[in-house]
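Dear colleague,

Please find below the sequence and the structure that I am handing over to you. My notes on the model follow directly after it.

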Amino acid sequence: MSESDPDGAWSLVLHGGARAIDAADRPRFAEGCLEAARIGEAILARGGSAVDAVEAVVRLLEDLPQFNAGTGSVRNADGRVQMDAAIMDGGTLAVGGVGTLEGFRHPVSIARAMLDATPTLLVGEGARCFAEAIGAERADPMQEAMPDQASAGCDTVGCVARDRHGHVAAAGSTGGLAGKAPGRVGDTPLPGCGLYADDAMGAAALSGDGESISRGMLAARALFALADKEPQAAAQAAIEQLSRTGGEAGVILIDPAGRIGIAHNSPQFSMAIAAHWLDTPRADTHVDDLKEWLS
């Protein structure tokens, strides 16, 4: 596809976390995903980049308190909020990640700024110093933490997208596990585990039990599966790998043509999709409710 083709296909899929969600809360989670999908849709429909779209989507999700990222992040065993985030550009294979970051509003944008830096992952003090050096917006997530910390489970927010120019990108952000050990870094900022993007392969992002996802390198497995499977089958194949490591997870992926796959073994998985072939974005909290639009 031409780099300047204005009629190029575009699509995105995002998630708000793999977890159990009470029936009464499901509309609120779906609506938050739908709001974020509209942000990404507007960027991609006008020819914007996949990297811009996934960052904007995740930034919005970081600001919504129902999701375990940014404003809604859970606390660790010491009662502190330590956040992880990452973003990857499938065109250049540039990746930026931060771990155990404290005191900033949008970890995903700090990760985005690292795409042009030498390190691919900075944690703790290193992440804080980098964030300060770029003038990142400060915030105190501790003051806006989720009211019911125990309900947050191990969810993450994330997005993958394919733009009109044929480029893909992936992003994710999380507060991690409620009550986690101080200094714990999950799968989200680890390339090949919580996310990956490569124009030649596609893009994937995950949510769930981070240690299980990392041990199985599930983002990489999902994209390798795309070599001989349709997107929906590839997503399911990645989730089936959890039979070896245990745990619950959800995966969203997009292939180089922009086709979408979603799978999860968690009770719910809040998500939304937007694409040039849809008249409006769709959102729900279980893959079965969106399966007619999946490949």
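**Strand E6 and Ser-173**

Ser-173 has its place in strand E6, which covers residues 168-174. Please bear in mind throughout that this is a predicted model. The relative accessible area of Ser-173 is 0%, so the residue counts as buried. Its side chain makes a polar contact with the side chain of Glu-62, at 2.6 Å. Leaving aside residues up to four places away in sequence, Ser-173 touches Val-58, Glu-62, Asn-68, Ala-69, Asp-84, Ala-85, Pro-107, Thr-156, Val-157 and Thr-188.

**Val-157 and strand E5**

One of the residues touched by Ser-173 is Val-157, which is found in strand E5. Val-157 is likewise buried, because its relative accessible area is 0%. Beyond four places in sequence, the contacts of Val-157 include His-15, Gly-16, Val-58, Leu-61, Phe-67 and Ala-69. They also include Ala-171, Gly-172 and Ser-173. Val-157 and Ala-171 are separated by 14 residues in sequence, and their C-alpha atoms are 8.4 Å apart.

**Strand E1 and its two partners**

Strand E1 spans residues 11-19, and nine of its nine residues are buried. Which strands does E1 pair with? One partner is strand E5 (residues 157-162), joined to E1 by five bridges in an antiparallel arrangement. The other is strand E11 (residues 268-275), also antiparallel to E1, with eight bridges between them. Leu-14 illustrates both pairings: its bridge partner in E5 is Cys-159, and its bridge partner in E11 is Ala-272.

Ala-219 lies in helix H6. With a relative accessible area of 0%, Ala-219 is buried. Its contacts, not counting residues up to four places away in sequence, are Gly-192, Cys-193, Gly-194, Leu-195, Tyr-196, Ala-204 and Leu-206. Ala-219 and Ile-252 stand 33 residues apart in sequence, with a C-alpha to C-alpha distance of 9.2 Å.

Helix H7 runs over residues 231-240, and its buried residues are Pro-231, Ala-234, Ala-235, Ala-237, Ala-238 and Ile-239. What covers these buried residues of H7? The cover includes two helices, H6 (218-225) and H8 (242-245). It also includes two strands, E9 (249-254) and E10 (260-264).

**Two loop residues with positive phi**

Most residues other than glycine have a negative phi. Leu-93, although not a glycine, has a positive phi of about 65°. Leu-93 belongs to the loop between strand E2 (83-89) and strand E3 (95-101). Its relative accessible area is 40%, so Leu-93 counts as partly exposed.

Met-217 is not a glycine either, and its phi is positive at about 45°. Met-217 sits in the loop that lies between helix H5 (210-216) and H6. Its relative accessibility of 43% means that Met-217, too, is classed as partly exposed.

**The chain as a whole**

The secondary structure of the chain amounts to eight helices and twelve strands. The radius of gyration is 17 Å, close to the 19 Å that the globule rule gives for 295 residues, so the chain is as compact as a globular protein of that length. Along the principal axes, the C-alpha trace spans about 50 × 40 × 35 Å.

Of the 295 residues, 57% count as buried. Among the contacts with a separation of 6 or more, 66% come from residues 24 or more positions apart. The chain exposes about 10800 Å², of which carbon and sulfur atoms supply 50%.

**Confidence**

How confident is the predictor, and where does the pLDDT fall under 50? The average pLDDT of the chain is 93, and 93% of the residues score at least 70. Over residues 1-6 the pLDDT stays under 50, and the model has eleven contacts beyond four places in sequence for this stretch. Residues 147-152 also have a pLDDT below 50, with nine contacts in the model beyond near neighbours in sequence.

With kind regards

Key
Residues numbered from 1 in each chain as written. Predicted model: local features only at pLDDT ≥ 70, side-chain atom pairs only at ≥ 80, totals over all residues. Heavy atoms only, no water. Buried < 20%, exposed > 50% of the residue type's maximum accessible area, 1.4 Å probe, protein only. Helix = DSSP H or I, 4+ residues; strand = E, 2+ residues; numbered from the N terminus. Contact = heavy atoms within 4.5 Å. Polar contact = N/O pair within 3.5 Å; in protein donor to acceptor, adjacent residues only side chain to side chain. pLDDT = per-residue confidence, 0-100. Pairing = 2+ DSSP bridges. Rg over C-alpha atoms; globule rule 2.2 N^0.38 Å. Areas by Shrake-Rupley, 256 points an atom, 1.4 Å probe, with all protein chains shown as cover.
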